[in-house]
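Visitor: I have a structure to go through with you. Could we start with how the copies are arranged?

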2 protein chains.
Amino acid sequence: MIPFNKPYLTGQETHYIEDAVKTGKISGNGKYTKMCQDFFEQQYGFKKCLLTTSCTDALEMCAILADIQPGDEVIIPSYTFVSTAIAFIRQGAKVVFADSYYDNPNIDVGKIESLITPKTKAIVPVHYAGVACDMDAIMSLANKYNLLVIEDAAQAIDSFHVNKDGKKRALGSIGHLSAFSFHETKNIIAGEGGMLVVNDERFVHRAEIIWEKGTNRAEFFRGEVNKYGWVDTGSSFLPSEVIAAFLWAQIENIKDIQNKRNEIWDTYYDELSKLKIPSISLPVIPSYATNNAHMFYLVLQNIDQRTKLINHLKNKDIHPVFHYLSLHSSEFYKNKHDGRALANSDKFSNCLVRLPFYYELDIVEVKQILNSISEL
Amino acid sequence: MIPFNKPYLTGQETHYIEDAVKTGKISGNGKYTKMCQDFFEQQYGFKKCLLTTSCTDALEMCAILADIQPGDEVIIPSYTFVSTAIAFIRQGAKVVFADSYYDNPNIDVGKIESLITPKTKAIVPVHYAGVACDMDAIMSLANKYNLLVIEDAAQAIDSFHVNKDGKKRALGSIGHLSAFSFHETKNIIAGEGGMLVVNDERFVHRAEIIWEKGTNRAEFFRGEVNKYGWVDTGSSFLPSEVIAAFLWAQIENIKDIQNKRNEIWDTYYDELSKLKIPSISLPVIPSYATNNAHMFYLVLQNIDQRTKLINHLKNKDIHPVFHYLSLHSSEFYKNKHDGRALANSDKFSNCLVRLPFYYELDIVEVKQILNSISEL
């Protein structure tokens, strides 16, 4: 049986968890939390990192920091996970859905400007499959209209945006705020877990307070105030040291993990390119993006073709999955949406299929999957 | 050195974590999550339990389920952790603070009725130190005014309310909704972690949806719907299986943990009763409450006496701590509070001190602490 996903363990996870426990501190913001945050800040040029219990929680912190008030509008793609939307909806935002490109599930930058109103507060690009959105264009729109850019980088660890001069910037380092996921399906994992990235200095101080249940506890422990108390809204956004210790074992192996995932991705891509199956489109990596080998997906021509492929593979005990359903036509939002057709989002909802993809997927198994696809 | 707290490990935590990881599912709502939830439902008569990443998150779920709208009022004690308030404030509630009893930090039931207005939606009793609030009186007030009762049972695992006829009901099983904490300072721990308890059948279905990011995923996996999608608001409230596996090791030893903690508590109480130090008041356990040995606290006569005691013990490398600061006079809320003096809450803010209390605290060490107190 080839499952869709299999969480990979480096072998050091329980060792570090035991170490965390021995320190006598397993609640949040301890040694491993700091080690993880320092790594991400140094490795990817993020100004300030704060681990969270999930990417959803990191997005909620973004919504609070962006000071979203009831009625404020936030522009997000319809083809995304529900968390991108609910994090802002919990703050009272009206979510305005944008379509994807025809050949790429990312938000179509050409469709954003017409959605901006005086109530728009933020644009939330989602780097689908870890492939960069057109961040130059999005930042320039945000500057023009004085909007915040919040990167939903859930899938985008160790992926980059490439400027025209070849300069690379890590995804998550470009927007004012960003959110990452370490859910078990991601490249590096902690079971459930996430991270807020603050790139705009204006938000650093408040982010620490909101993270610690609205208290100035961080300042207290740095000796900046005499006692700590309740100074703001917030929540318990910080994860246990048990989670951070698990994540640290993954971080130590990120290069090896990324090399192996890239090898799998390249094998899928190269072999399928050779096969040239007319009904199957392959992922498109724009010139301004790198590939972090988060997932490998195919796009079929219609839902029937996709169902046929999924069933064909399942009969061979290979387990692909489809992905998001357009949020604008969900039960929760269809009556709140303004009625615009979002054809490309619907296309990916109906036609995209994710192939099995995980560290321990053997190249022999990849070829077995490819053979099964070619039989169809 | 005798610290204030030391997280206790039963020794099986990393074993169960490894087992969880081997199942290939370390995100939320797996085997260990179900085992923990089933245990609590069966052991304490809770209708429906859902593990959460923190007690704060469980309280946020309560606020969503209670359908708190901007301007709705919620009555909570001022002498509590900030999470009791912010969970409701994030939903837009106005928090109305009530005072404590003179001799017990719990909410003074006699002071609640005058705070009820047509906008009041809920009363949130906090079982301080795991000692029951007067739940009969609170439930009867709630019935009279058609209010919800949300128990903040953060400290109250394995503690009970005793009816006049001697019948015991577990704290957390009485209100419409309840929230528990498994933070590293609690009787049983998971680093950071919590649990929502739903006792009112009306909220069970929606609780599952809100827990899973506003999707009907739980129904899908039970085969009740054909596909799952976005149907409501929500968040990523569920913790990793890594956290649930840790908690399971604690649950297995809850009897042993409770026996040991009760022994420590009784030693503190009996010895201090004998000492009869005029400036020190001991905890009061009302006739309708049991004691779950969550903490041992003393109440001094003023803040100077308390500071003197804390410093005296610290000089002997014993580390007591004071506890909450009245929320109504916090930097965040003092201008929003209606100006009522809450003298008892302030008294506990200034005069209460928590003595070292943890499973591995030896009775010899307890006697050493008691000797140091008696020297003062």
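Guide: In this predicted model, chain A can be laid on chain B with an RMSD of 0.0 Å, by a turn of 180 degrees and a shift of 0.0 Å along the axis. The copies are superposed by least squares on the C-alpha atoms of residues with pLDDT of at least 70 in both. That is therefore the relation of a two-fold axis.

Visitor: Which C-alpha of chain A is nearest the axis?

Guide: That of A:Thr14, 3.1 Å from the axis.

Visitor: And what share of the contact residues of chain A recur in chain B?

Guide: The share is 100%, so the same surface serves both copies. Contact here means C-beta atoms, placed from the backbone, within 7 Å.

Visitor: What about confidence, and how are things labelled?

Guide: Chain A averages a pLDDT (the predictor's confidence in each residue, from 0 to 100) of 96, and 100% of the residues score at least 70. The model has ipTM 0.96 and pTM 0.97. Residues are numbered from 1 along each chain as its sequence is written, and chains are lettered from A and ligands numbered from 1 in the order in which they are written. Local features need pLDDT of at least 70, and side-chain atom pairs count only at pLDDT 80 or more, while totals for chains, interfaces and linings use all residues.

Visitor: Changing topic: which domains does the assignment give chain A?

Guide: Domain 1 (13-251) and domain 2 (254-375), with bounds from an automatic or database domain assignment.

Visitor: How many residues of each take part in the contact?

Guide: Domain 1 of chain A contributes 33 residues and domain 2 of chain A contributes 27 residues.

Note on methods: Contact = placed C-beta atoms within 7 Å.
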